[in-house]
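Morning, everyone. Here is the model for today. Have a look at the sequence and the fold, and then I'll walk you through the sheet and the core.

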Amino acid sequence: MPYLRIALVEDNRQFLDEMRALLAEASQLEVVGTFTTGEEALQGIMQVCPDVALVDIGLPGISGIEVVRGLAERGCATECLMLTAFDDDAPLF
């Protein structure tokens, strides 16, 4: 069966580890990279070319929004889903 290759971008190490463990239980999903900063994510996602990246908005250094923008500018075909704990969606738009 085809795998969905996923990258995780999250600066909270405990949450990152929990997401990775949860996704590892799904037979059709493969976590191909984990990144804790926006800079690492930009470089790493371009190298591993996952199908999907789950990206935290609030990262140290460049934000998750800037990561997604940077990937799009580089022609990356990875689909991105944003993660946030913000109650207010104003920072997103």
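Two strands count as paired if DSSP finds at least two bridges between them. Helices (H or I, at least four residues) and strands (E, at least two) are DSSP runs, numbered from the N terminus. This is a predicted model, so local features need pLDDT of at least 70, side-chain atom pairs count only at pLDDT 80 or more, and totals for chains, interfaces and linings use all residues. Residues are numbered from 1 along each chain as its sequence is written, and side-chain values use heavy atoms, with hydrogens and water left out.

Start with β1. It runs parallel to β2 (residues 29-35), with 6 bridges joining the two. V9 sits opposite F35 in β2. Between these strands the chain passes through helix α1 (residues 13-24), and this β-α-β crossover is right-handed. That means clockwise from first strand over helix to second, with the strands pointing away from the viewer.

β1 also pairs with β3, again parallel, through 4 bridges. There, I6 faces V52.

Now the core. A nonpolar core is a set of buried Ala, Val, Leu, Ile, Met, Phe, Trp, Tyr and Cys residues joined through side-chain atoms within 4.5 Å. Buried means under 20% relative accessible area (1.4 Å probe, protein chains only). The largest one has 12 residues, including V9, F35 and L42. β1 (4-9), α2 (38-48), β3 (52-56) and α3 (64-73) each give two or more. Which element gives the largest share? That is α2, with 3 residues.

Apart from that core lies another, of 8 residues, among them I6 and L54.

Technical notes:
Buried means under 20% relative accessible area, exposed over 50%, partly exposed in between (1.4 Å probe, protein chains only).
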